[in-house]
Amino acid sequence: MKISINRLKHFIHLDQSPEQIAAMLTGSGLEVEGIEIFESIKGGLEGVVIGEVLTCERHPNADKLSVTTVDIGDQIVPIVCGAPNVAKGQKVVVAKEGCTLYPISGEPFEIKKAKIRGEVSQGMICAEDEIGIGESHAGIMVLDTDLANGTPASEYFEVVRDHVLEIGLTPNRADAASHLGVARDLKALLKREICIPGVEEFKSDNNSRVIPVTVENAADCPRYAGLTISNVKIGPSPEWLQNYLKALDLEPINNVVDITNFILHDLGQPLHAFDADKISGGKIIVKKLPKETSFVTLDEKERKLSGEELMICDENGGLCIAGIFGGKGSGVSDATTSIFLESAYFSPDVIRKGSQFHGLKTDASFRFERGTDPNMPVYALKRAAMLIKEIAGGQISSDIIDVYPNPVQDREIEVSFANIKRLIGKELPKDLIKEILENLEIKCLVETATHLKVSVKPYRVDVERDADVIEEILRIYGFDNVELSENLKSDYLAEHPIRDFNKIQYRLSELLSSLGYYEIITNSLTKPVYAEKSGYLDPEQNVEIYNKLSEDLGVMRQSLLFSGLEVMAYNINRRQKDLKLFEFGTVYSKTGDGYQEGKRLALFLTGDTGAESWRQVSKGVSFPDLFAVVELILEKLGIDNPEVEIVHSAPFDYALKLSIGTKILGQIGLLQEEITKLGEVKQEVLYAELDWELLMKKAKGLKKYGEISKFPEVRRDLSLVIDKSVSFDQIKKVAIKAGGKLLQRIGAFDVYQGDKIEAGKKAYALSFYLQDIEQTLTDKVIDKTMSRLIQSFENEVGAFIRK
């Protein structure tokens, strides 16, 4: 769910930064998953200013170019311009050197100082299409303005800049599925009043077109309200409304439909506008239609009804699947002159069943199936009608029809102060408790020495019992403000699955065996010479044996490396040169305070990947072969995206160091020749040693597999040109952050370095796999995700995207 900070400020005074607002909301249970910046003109015209052409002369070396000097406020710059209409004295739009332009078509480009046919040019005088505000490229823009030279063009064009919060709304918080709902939480957090637009000026102009409403099942539709507006003029919405919708990633359609979407996201109340002339018989009937009845929805698909969904009908049949999707034959079009505006409260159960049956997930069904406010329909109807009159004209040609036979009552809940203390784990002052509840619009009715009776409005569908009220108090008071006592206790301990480390080790042994690895078990006693000559182990940390049997078995091993190399040497000497080995073992060291031991997992790889045969040529093992196995182990244990660093230090010729936070998980790489010779191995060895105890601490248990999603996966490819210093791991982290939950995985299928690209650069060909487990991805969502990825790559790793 997207929330505009600009729009929030219409409901409540905010002087905090977007990041501070996001932190407050997350702490109160409305988790902000990200903050996006919306600009009504892409790039916000940053670096683009108003300038004045002081001189304009023909270019000495080009007939179609002009050499100008332009006053841009802080300096006068020479600019070579190819527009035929440039002239002295004009007020123009100038892109300064160093700024980036986002044209209507084509790729963004940076303005650089250049020599054009021998003349210096330090900027660009712009046409409409070049700054992304129009299609015209006939000539430069000539402005009629008194603004001072150097004034940012964003002021002249009134560029709207907004911060948009992406909130991961939990199913119980239907009340927060709007700007008003989020403002209510901020009211309690900041202790500030909210301002709800008034509708006191609402009145009907006449009763020339009354459309009566009949509700056949009040249980499925407890409240249905509507009115008619005649002589409306359908057209584009004003710029402020279009920018509001675009900030929320909605496409403007026309003024009437845009207003219904505005009200939905503003107040959380879905509305629907019918073309009044298409309502047969001039009446609305809310009922269910027989099973297998055909109905064509707005997306022009014919659907067979289940017989259980609620329908908005006229005398001839269905007009709309109530609370879910409109019908093709009754929607607002350019030819519409009169509308019937619907605002209702539907049973969440019937909407949920209908939405599931037809596989339709809309903004309206999202709210209705979670529970909307039964007290909102009439207010929202008045607000929308006033906006339609203001923007689309017309007259309100009926009084509000409000079918509401059984009004939903506020819930009364009794809470004990003792229970509040018990569940929160801290005694809060009674005045503070009452203040928090009042700020949450939970009215305190009766207070005794031990209890508090409160009244909860029906829009809070999740507050039904005393524990819910206490949760409300706690989330506003702040989880972080509850100190941990010295003696932790709980009335209830949740069951957590016991992680059987022996079972996990056994399963990983099976996995490695299936990949062709053999398990080895080696002696914990080893030669002191390994630590003395290795160059990376400290001989001072050797744990010596008092009654040693021989000098060769005089100390405890500090690493699994050399005992594994001894096994490899034994096998290689017997002509078994292609080896894949692993060992779970303990290592020992001496510290200032005594001794310590730790468990490790070691992997060894040498020789060829497989035996030579008529089907395949013999091929030596390489670093990716071992790294892929380590990645598989981490995936099995549910350890995601450890930090990766390239290292060149003993015992490795080259290696990757894996870390989780400040702790080293392990290293993978090619062993130095000096190290392998020390173990009497005369061929290249790839080696990995992982901290098994840290693995077990961070593991989420063996990965469990679920049902394959019924919604298809989509692949998109990108080619990135980046500096050689940028690693694939950096790219992967940027992609995971920008791609969000839709990005399932990323792969590199080609890497290029050569004379075809700039020196010091390399090119990655990457594949991105996108999938939504709840619905089929649309082109719009895919394109938006890929645009976000491209922008992140450009901004965070300086990538150039090859087309």
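Guide: In what follows, Ala, Val, Leu, Ile, Met, Phe, Trp, Tyr, Cys and Pro count as nonpolar, Asp, Glu, Lys and Arg as charged, and the others, Gly among them, as polar. The model is predicted.

Visitor: How do the residues that line the second largest pocket divide under that scheme?

Guide: The lining of the second largest pocket holds 21 nonpolar, eight polar and 15 charged residues. The volume of this pocket is about 1,800 Å³. It is lined by 44 residues, and those closest to its centre are Glu 631, Asn 641, Lys 732, Arg 745 and Ile 746. Glu, Lys and Arg count as charged, and Ile as nonpolar.

Visitor: Which element gives the most to the lining of the second largest pocket?

Guide: That element is H16, with eight residues. Strand E35 (643-647), strand E36 (652-660) and helix H19 (728-739) are among the elements that each supply at least two.

Visitor: Why are H13 and H16 called roughly antiparallel?

Guide: The axes of helix H13 (residues 501-514) and helix H16 (residues 623-636) cross at roughly 150°. Angles over 145 degrees count as roughly antiparallel, and H13 and H16 are therefore placed in that class. Their axes come within 11 Å, and H13 passes H16 in a right-handed crossing.

Visitor: Which residues of H13 and H16 meet?

Guide: From H13 come Leu 508, Leu 511 and Leu 512, and from H16 come Val 629, Leu 632, Ile 633 and Lys 636. The contact comprises six nonpolar residues, no polar ones and one charged.

Methods:
Residues numbered from 1 in each chain as written. Predicted model: local features only at pLDDT ≥ 70, side-chain atom pairs only at ≥ 80, totals over all residues. Heavy atoms only, no water. Axes fitted to C-alpha atoms, helices over the stretch in contact; angles between N-to-C directions. Helix = DSSP H or I, 4+ residues; strand = E, 2+ residues; numbered from the N terminus. Parallel < 35°, antiparallel > 145°, perpendicular 65-115°, else oblique. Left-handed = near helix turned anticlockwise from the far one by under 90°. Contact = heavy atoms within 4.5 Å. 1 Å grid on protein atoms, 1.4 Å probe; cavity = no way out; pocket = protein on both sides within 12 Å on 5 of 7 lines; lining within 4 Å. Points joined across faces, edges and corners; volume = space filled by probe spheres on them.
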